[in-house]
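Dear colleague,

Please find below the structure that I am handing over to you.

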Amino acid sequence: MRVTDAVTDVAEGLLELIAPTRCGGCELPGVLVCDACASDMPLIRQDSACPRCGAPDGRGVCAECEGIRLAFSGARCAALLGTPLSRIVTVYKDGGERRLAAPLARIAVLAVEAVLSDATSTRPRTRQPDVDGGPGPGSWTLVPVPASKRAIARRGFDHCERLAGELGEVCGLPVASVLARRGGRDQRGLGREQRRANAADAFVAVTAEIPGRALLVDDVVTTGATVDAAARVLLDAGSEEVRAAALARAVGVCPAPSAPATLGDASTRLWLRTRERPSPG
Ligand SMILES: [Zn+2]
Ligand SMILES: [Zn+2]
């Protein structure tokens, strides 16, 4: 064993003594997310979700977004922000347990897979990626929806950027932090129209290297106003197409599904896979 490895082991041992690892969902000692919480994740059934905004039980375009102009071509959310996920997200963002980014990314990948599937099924069939140089595998770039400077200072990190980084590892897609958030008011506590107005000029592109096909990554989508504003900036800055994938959809804004899907038997498969790639679109 090298000296640096030994030092790391000692440091991790001390840290474990001071702040033992606990499940983000139920505080069970020894794991970041326990099997029971993993099996109880309120996943959204993608086959019945709205492909336009990601709302559960849309069965086609839902009443939430019908008639509303959206800058992004489609959005998917992996789960509802119900227990135990809501608590895990809070422990990740505000409880200082940054290692939760990895297990959260393994849930969020379900939204990315659904978005890539949507993008593939809506792509014109005449464009063959390997024949005419059209969009091929890996042509989507993950773009985290940035937190405000104030939130980053408070938490010590940008939670979405870290989640997107882990998601990039799981999906095998590149990640580019090309947006920054202007000052502005916090979205919490605002209604749908207030959120749209507040989010309208919330973002700015910080580089000229804008991905052609951008897949926005957000942790929690409430009305979609934030993602929509970010998508507008990307399209204005040169993106050809923008879609969005979110870890969770806030409950209470839209009707909760009658029977949310849970990981159930699939929990082990989902939890253990780390490098498996979704079919790129
Ligand atoms: Zn647990
Ligand atoms: Zn919808």
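Valine 221 stands opposite arginine 249 in E6. Here the names of helices (H or I, at least four residues) and strands (E, at least two) refer to DSSP runs, numbered from the N terminus. Two strands are said to pair if DSSP finds at least two bridges between them.

Before going further, please note how the model is to be read. This is a predicted model, in which local features need pLDDT of at least 70, side-chain atom pairs count only at pLDDT 80 or more, and totals for chains, interfaces and linings use all residues. Residues are numbered from 1 along each chain as its sequence is written, while chains are lettered from A and ligands numbered from 1 in the order in which they are written.

The sheet

Strand E6 covers residues 241–249, and E5 pairs with E6 in the parallel sense over eight bridges. Another position in this pairing is aspartate 218, whose bridge partner in E6 is alanine 246. E5 also pairs with strand E2 (residues 140–144), again in the parallel sense, over five bridges. In that pairing, leucine 142 faces leucine 215 of E5, and proline 144 has valine 217 of E5 as its bridge partner.

What is the order of the strands in the open sheet? Four strands form the sheet in the order E1-E6-E5-E2, with parallel pairing. Strand E1 (75–80) and E2 are the edge strands, each pairing on one side only. From one strand to the next, the twist averages 20°; angles run from 0 to 180 degrees between N-to-C directions, and axes are lines fitted to C-alpha atoms, for helices over the stretch in contact.

A residue is called buried if 20 or more other C-beta atoms lie within 10 Å of its own, exposed if 12 or fewer, and partly exposed in between, with C-beta atoms placed from the backbone. Strand E5 (residues 213–221) is mostly covered, since seven of its nine residues are buried. E2 is largely enclosed by the rest of the structure, because four of its five residues are buried.

Helix H9 (residues 225–237) lies across E1, E2, E5 and E6 and runs at about 160° to E5.

Helices H4 and H7

Two packed helices are described by the angle between their axes and the distance between the axes. For helix H4 (residues 101–122) and helix H7 (residues 159–171), the angle is about 65° and the axes are 8 Å apart. H4 is therefore roughly perpendicular to H7; angles under 35 degrees count as roughly parallel, over 145 as roughly antiparallel, 65 to 115 as roughly perpendicular and the rest as oblique. The crossing of H4 past H7 is right-handed, a crossing being left-handed if the near helix is turned anticlockwise from the far one by less than a right angle, and right-handed if clockwise.

Which residues of H4 and H7 make the contact? On the H4 side they are Ala101, Ala102, Leu104, Ala105, Arg106, Ala108, Val109 and Val112, and on the H7 side Arg162, Leu163, Glu166, Leu167, Val170 and Cys171. Two residues are in contact if their C-beta atoms, placed from the backbone, lie within 7 Å. By class, this contact has eleven nonpolar, no polar and three charged residues. Ala, Val, Leu, Ile, Met, Phe, Trp, Tyr, Cys and Pro count as nonpolar, Asp, Glu, Lys and Arg as charged, and the others, Gly among them, as polar.

Individual residues

Glutamate 113 belongs to helix H4. Is this glutamate 113 buried or exposed? Glutamate 113 is buried, because 20 other C-beta atoms lie within 10 Å.

Leaving aside neighbours within four places in sequence, alanine 114 is in contact with Gln46 and Arg76.

The protein as a whole

The protein has ten helices and six strands, and buried residues make up 41% of its 281 residues.
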